[in-house]
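Here is a short briefing on one chain. It covers one residue, then the overall fold.

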Amino acid sequence: MTAVVFRDRDHPKVHQLLADLRRDLGRRPGDALHWVNIRSHGQRLHAARTLGQAEFLTISNVVVCKRHFPLGDLIHHEDAAYLYTLRFLLERLSWFGKSCGGPVEYTLAHIVRFQIAKLRVYEARLHADAGCSIDWTCMHPGRIDQPDRVEELQIADLAASATAAAFEPDSFGNTETRYLKEMAPRLYRRAGNLTSYGMKMHPWNGSVKEAYPWVQTL
């Protein structure tokens with residue numbers, strides 16, 4: 001799960017970035033950009049590099065390594081995995097908001113079977129959880145919308161899919177880390193710490209570090 005964060009005043013820059021990407025990729029003005037529809041490796045690399053060079057963006061990823069949990073673990077349940085990952089991401093968004101001196105507004109790309117009422121219930125659960133590390137003074141309630149209507153969500157789609165390519169093998173068993181490495185300058189870091197902020201890995205134990213040794217070099 002990925003968040004791409006920017007200040008309100010940088011909305012025009014975000015819109016311009018998307019317009020430039022559409023032009024570069026041979027799309028029409030206003031076309032929605034979805035990673036799955038960007039077929040060539042070169043175009044995907046260009047999209048990732050464009051995000052990595054956009055100094056007004058900050059990217060935070062949460063990567064849940066299901067293959068490193070026992071098969072019976074609750075993390076393998078679709079809803080549990082999604083909600084737990086969302087919790088990790090909201091924690092980091094709130095910390096980022098606090099460091100920047102203002103609350104964060106967040107919008108989720110629409111997920112099938114995940115409606116706004118369910119989000120409100122889960123936010124309430126997190127509010128009541130004493131072990132939750134979300135700083136609610138720096139978070140507004142979330143929204144759910146579609147990338148076709150809120151074009152900023154298209155940037156999150158690109159960043160999330162570029163990250164996923166580094167971990168999820170394709171049909172031939174290959175992964176591709178170059179997209180994520182192109183975005184590395186924009187990953188959220190705090191006091192030089194990456195794996196607790198912009199690349200939260202769960203779990204982050206010996207087997208995961210052995211499987212993905214390149215994460216600590218980003």
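Is Thr163 buried or exposed? Thr163 is buried, with a relative accessible area of 3%; buried means under 20% and exposed over 50%, with partly exposed in between (1.4 Å probe, protein chains only). This is a predicted model: local features need pLDDT of at least 70, side-chain atom pairs count only at pLDDT 80 or more, and totals for chains, interfaces and linings use all residues. Residues are numbered from 1 along each chain as its sequence is written, and side-chain values use heavy atoms, leaving out hydrogens and water.

**Around Thr163**
- Thr163 sits in helix H5, residues 152-164. Helices are DSSP runs (H or I, at least four residues) and strands are E runs of at least two, numbered from the N terminus.
- Its side chain reaches the backbone oxygen of Ala159 at 2.9 Å.
- Leaving aside residues up to four places away in sequence, Thr163 touches Thr2, Asn61, Val63, Leu180 and Met183 (contact: heavy atoms within 4.5 Å).

**Fold**
- The chain has 7 helices and 5 strands.
- Their order along the sequence is β-α-α-β-α-β-α-β-α-α-β-α.
- Of the contacts with a separation of 6 or more, 73% join residues 24 or more positions apart.

**Dimensions and burial**
- The C-alpha trace spans about 50 × 40 × 40 Å along its principal axes.
- Buried residues make up 47% of the 218.

Note on methods
Polar contact = N/O pair within 3.5 Å; in protein donor to acceptor, adjacent residues only side chain to side chain.
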